[in-house]
Structures are given as C-alpha cells and as structure tokens.
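Have the model open in your viewer while you read this.

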Amino acid sequence: MQQLEALRKLCLALPETTERLSHGEPTWFVRGKKTFVMFADHHHDDMLAFWCPAPPGVQEELVRTEPERFFRPPYVGHRGWLGVRLDVDVDWAEVERIVREAYRLVAPKTLAALVD
C-alpha cells in the first residue's frame, strides 16, 4: 500500500525512530517508547488515515476548517491528537510537516532540535 510506505519513509527518516505493531497497526515511536504516529487502516471506520499528537488548538482548527481531510480520532482525540486522512488527495509535503511536528512534540529536546 503506497500510503503506508510513504508514511513509513517519513517517520523512519527521523532520529531514533522505530516501528512496531500497536493495536494491530503500524506505529512509530521515539526511542522505542513514545508514540508519535499511528497508522489506521480502517481501524474503527471506513477511513485510511494516521493519528498523531498536535500542538494545542491545531486539531480543533483543522477539523473545523477541513473536515474532509482531518478528524478527531477515537481514544486520543480528547488529548489533542489529530486524525489525518490518507484516502483523499494527500499533500505529502503537508503530511511531512505534520509528522515532523508530532515528532517534535514527543521527542526529547536533544532529538527534537535535530529536526528544527
């Protein structure tokens, strides 16, 4: 699946990132511990997407202004995580920015500084 491979490439390009299954889906971690991206292949609905942490207020703004591309994911949405659809016309440059920001939010400062 090309969306998964493209997302995997973006995530694994970041420092000290690992991938393993979590809840049956590919998930990426910083130093094997902190989750920064979860793939969602129709996990709870009819969407192909990924979930990731977002800065305060970003989830609400994107879901409000672009609901065809962004959503509040189950389980983690109440903590400000963002759902990003991959079954629509995807702007991969934007996805890369979102993934890098998610990484910076959970990575230790020394690693986050490497992607600034």
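What follows is a short tour, starting with how the model was handled.

## Ground rules

This is a predicted model, so local features need pLDDT of at least 70 and side-chain atom pairs count only at pLDDT 80 or more, while totals for chains, interfaces and linings use all residues. Numbering starts from 1 along each chain as its sequence is written, and side-chain values use heavy atoms, with hydrogens and water left out.

## The cores

Start with the largest nonpolar core, which has 30 residues. A nonpolar core here is a set of buried Ala, Val, Leu, Ile, Met, Phe, Trp, Tyr and Cys residues joined through side-chain atoms within 4.5 Å. Buried means under 20% relative accessible area, exposed means over 50%, and partly exposed is in between (1.4 Å probe, protein chains only). The members that touch the most other members are Leu 7, Phe 36, Val 37, Phe 50 and Val 99. Two or more residues come from each of α1 (2-12), β2 (25-30), β3 (34-41), β4 (48-52), β6 (82-85), α3 (92-106) and α4 (109-112). The largest share, 6 residues, is from α3. Helices (H or I, at least four residues) and strands (E, at least two) are DSSP runs, numbered from the N terminus.

Zoom in on Leu 7: leaving aside residues up to four places away in sequence, Leu 7 touches Trp 28, Val 37, Phe 39, Phe 50, Leu 86, Trp 92, Val 95 and Val 99. Contact means heavy atoms within 4.5 Å. Apart from this core lies another, of 8 residues, with Met 38, Ala 49, Trp 51 and Phe 71 among them.

## How α1 meets α3

The axes of α1 and α3 are 10 Å apart, and the two helices pack at an angle of about 45°. Axes are lines fitted to C-alpha atoms, for helices over the stretch in contact, and angles run from 0 to 180 degrees between N-to-C directions. That makes α1 and α3 oblique to each other; under 35 degrees counts as roughly parallel, over 145 as roughly antiparallel, 65 to 115 as roughly perpendicular and the rest as oblique.

On the α1 side, the contact uses Gln 3, Ala 6, Leu 7, Leu 10 and Cys 11, which meet Trp 92, Val 95, Glu 96 and Val 99 in α3. The residues of this contact divide into 7 nonpolar, 1 polar and 1 charged. For that tally, Ala, Val, Leu, Ile, Met, Phe, Trp, Tyr, Cys and Pro count as nonpolar, Asp, Glu, Lys and Arg as charged, and the others, Gly among them, as polar.

Trp 81 sits in the loop between β5 and β6, and at 8% relative accessibility Trp 81 is buried. Not counting residues up to four places away in sequence, Trp 81 touches Thr 35, Met 38, Trp 51, Cys 52, Pro 53, Ala 54, Gln 59, Pro 73 and Val 76. Tyr 75 is in the loop between β5 (70-71) and β6, but Tyr 75 is exposed, with a relative accessible area of 56%. Tyr 75 also has a positive phi of about 70°, although it is not a glycine.

Another non-glycine with positive phi is Arg 31, near 55°. Arg 31 lies in the loop between β2 and β3 and is partly exposed, at 42% relative accessible area. Finally, His 42, in the loop between β3 and β4, is partly exposed at 40%. His 42 touches Met 47 and Leu 48, not counting residues up to four places away in sequence.
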